[in-house]
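Reader: I have a model open and want to learn how to read it. Where do we start?

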Amino acid sequence: ALVPAPPPVPAVLRSFTETQIAKYVPGHVMHFVGRHFYLKDYGVAHKPIVTATLLEIAGLPVAAVTAICLLAPFADWSGAGYGGTAWAPYLPAVAVIALGSGALVALWSGYRAILRPAAVVLGRAILFMILQAAMFAATLWIIGGEFIALALPLAILSWLMGFLTPGAPGGMGVREALLVSLLGQAVAADVVLIAALLFRIVTTVGDVVLFGAGRLFLRLP
């Protein structure tokens, strides 16, 4: 939506699969930088790449917060030492209002052309956040023998803090420390730590598999 003649779809997809693994390089920005240079080789101008990158950087936290709002009402906050849950049922409404307001602002500002693709991308990002949280909750369930619904929103919150921490490659260390701290009253700390480390291994292997799949199946013209 940002360029009149975008590169071939395989090239666009490989700009992600080829560079995503670079998020583990200290600095936590090399995957964005790598994507920029990758797309420049296909004739994409500097401005749309920067715009797309900024939209991605802004959109991921929005997706994370929205997913937290959608999942929070299902968690037992009081049982984990976080006080009452009277506010939690209203969070989905907050998420809908926030997204609706953002859509109205986009329409008012004349960005109708990118509103639909942006909504699709944001929807996929929210789904990704929820699935990622479900994977961690399942890992914690396997290790601890009990399903903890609170792990769903807190897994996304810890990912968000890792994403926003400058210099943390892939949020490494930040995410795990927050999970242990935030879930410490609901689950034994050693159980959370083991689950967090296993989940880190799973996500890292997933990034490597994504890289390999891009090389194997995304044939460039």
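Author: Start with I194, which lies in helix 8. Helices are DSSP runs of H or I, at least four residues, numbered from the N terminus. This is a predicted model: local features need pLDDT of at least 70, side-chain atom pairs count only at pLDDT 80 or more, and totals for chains, interfaces and linings use all residues. Residues are numbered from 1 along each chain as its sequence is written, and side-chain values use heavy atoms, with hydrogens and water left out.

Reader: Is I194 buried, exposed or partly exposed, and why?

Author: Buried means under 20% relative accessible area, exposed over 50%, partly exposed in between (1.4 Å probe, protein chains only). I194 has 43% relative accessibility, so it counts as partly exposed.

Reader: How do I read a pair of helices?

Author: Two packed helices are described by the angle between their axes and the distance between the axes. Axes are lines fitted to C-alpha atoms, for helices over the stretch in contact, and angles run from 0 to 180 degrees between N-to-C directions. Take helix 1 (residues 9-17) and helix 2 (residues 30-40): their axes come within 9 Å and cross at roughly 155°. Helix 1 is therefore roughly antiparallel to helix 2 (angles over 145 degrees count as such).

Notes:
Helices (H or I, at least four residues) and strands (E, at least two) are DSSP runs, numbered from the N terminus. Angles under 35 degrees count as roughly parallel, over 145 as roughly antiparallel, 65 to 115 as roughly perpendicular and the rest as oblique.
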